Amino acid sequence: MSLYEIKMPKLGESVQEALITKWFVAVGDTVEEDQPLFEVATDKVDSEIPSPLDGKIVEIRFPEGVKAAVGEVLAVVNMAGELETATPLSPKEPEQKSEYQPVEKIESTEKPARFLSPLVKNIAAKEDIPLHVLNAMQGSGTNGRIRKQDILNYVKSQSQPGKPESKATKPEVSKPTEPKIPVSLSEGDEILEMSRMRKLIAHHMVDSVQTAPHVTTFVEADMENVVRWRNRMKDEFKQREKVNLTYLPIFIEAVAKALRDFPLVNVSVSDDKIIKRANINVGIAVATENGDLIVPVIRNADRKNLVGIAHELNDLAERGRKGKLTADEIQGGTFTITNFGSFGNSMGTPIINQPQSAILATGTIEKKPAVMETEYGDVVVVRHKMFLSLSYDHRVIDGALGGAFLKRIAENLERFNTNLIV
């Protein structure tokens, strides 16, 4: 029997594990090349993983609802198509024998907000450790993962009430596990369960404001040149390029040019180090069809012209709304733009998309009276205006840098070349 291992694929540069949310096949099923096998979810995107070959499923090693690391063997396929009981090809190393034997489940109404190994769950169940304590505990494993010794140290510390807990064993709580103000219910109130994506967004937003001191600066830009040029070009552009010419490609181009002029805005913070990014990768916040938010990334935006940006943006936004983006297409952003104006909003104070250091919000474009200087004196005219809002991490971007960078974006828009042919 010729066997082939189906492994958890690498779903992005920073993704180490993924949750198996659905199997489309079962043991005994015959599969064809490119047929969807299973669906996985990361903190960024959901993806369907296809079969790389024809064959028959002889073993499934991970059930739905379980996380698996990149490279783990998830299933075994018999390429000859014969259904036999497969001998595991790469069995996991057994856990060290422990007094803590498997239990059926942890009885709790809480759901873990992080990956917990079966052994850790068993110890927690035996010692009656609630999940909110596990979620707040700082582990010594990779990415803060809780290891066996971490939880045993915690148990030991709790058995000595008169002795202060050491830094190594004391759970570090980064945010409240319960709301400070209790929520009361009234007759007719409806309780809605958050979707998985909405929970991830909520945690990401809370983590961002707890990580970075946010400052928001505003400027009003004169958009008259941009509006007139787009109105003149949009029909011809749509006919020739088969995509709509929106304002967003122009915003992206203006931001990319400003980031090239102010590279210390295109940074991330790691402990006490500043990482100055080599590439300018601009993310665009897109609302999905179910109301969640996703941020596809236009890589090397400063090296692309308006036509190229418009095509790439249209493709990413369309697939983003339908949840069809790959993990790579929503990672690696160094700066984000969110368009409040698409909802008719004038301005806002966006939250930084960590680990980036700044985010720009563009408001609605409106006609407003403006004073212009002429050779005959000041006159009041009607101009198209728009507010730009820049939120930035005040640990590394001070007011002078943030203000100058935002002003440069406005200047790039105000000086837009109305004779440009695309």
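Trainee: Buried means under 20% relative accessible area, exposed means over 50%, and partly exposed is in between; so which class does Lys-67 fall into?

Mentor: Keeping in mind that this is a predicted model, Lys-67 counts as partly exposed, because its relative accessibility is 31%, a value that sits between the cut-offs of 20% and 50%.

Trainee: And what does Lys-67 form a salt bridge with?

Mentor: Its partner is Glu-17, and the closest N and O atoms of Lys-67 and Glu-17 are 3.9 Å apart. Since Lys-67 belongs to strand β7 (residues 66-69) and Glu-17 to strand β2 (residues 17-23), the pair ties together parts that are 50 residues apart in sequence. Glu-17 is also partly exposed, at 28% relative accessibility.

Trainee: How many salt bridges does the structure hold?

Mentor: The structure holds 17 of them. Another one joins the side chains of Lys-368 and Glu-220, with an N to O distance of 2.8 Å. Lys-368 is in strand β18 (residues 366-374) while Glu-220 is in strand β9 (residues 214-222), so this pair ties together parts that are 148 residues apart in sequence.

Trainee: Are Lys-368 and Glu-220 buried, exposed or partly exposed?

Mentor: Both are partly exposed, Lys-368 with a relative accessibility of 22% and Glu-220 with one of 31%.

Trainee: What about helix α5, where do Arg-228 and Glu-224 sit along it?

Mentor: These two lie 4 residues apart in α5, which is about one turn of the helix, and they form a salt bridge whose closest N and O atoms are 2.9 Å apart. Arg-228 counts as exposed at 53% relative accessibility, whereas Glu-224 is buried, with a relative accessible area of 5%. There is also a network in which Glu-236, Arg-240 and Glu-241 are joined by salt bridges that share partners.

Trainee: Changing topic, what lines the second largest pocket?

Mentor: Its lining has 19 residues, and those lying nearest the centre are Leu-248, Ala-285, Val-286, Ala-317 and Arg-321. The volume of this pocket is about 450 Å³.

Trainee: Why can Ile-191 be called exposed?

Mentor: Ile-191 is called exposed because its relative accessible area is 67%, which is to be read against the cut-off of over 50% for that class.

Technical notes
Residues numbered from 1 in each chain as written. Predicted model: local features only at pLDDT ≥ 70, side-chain atom pairs only at ≥ 80, totals over all residues. Heavy atoms only, no water. 1 Å grid on protein atoms, 1.4 Å probe; cavity = no way out; pocket = protein on both sides within 12 Å on 5 of 7 lines; lining within 4 Å. Points joined across faces, edges and corners; volume = space filled by probe spheres on them. Buried < 20%, exposed > 50% of the residue type's maximum accessible area, 1.4 Å probe, protein only. Salt bridge = Lys/Arg side-chain N within 4 Å of Asp/Glu carboxyl O.
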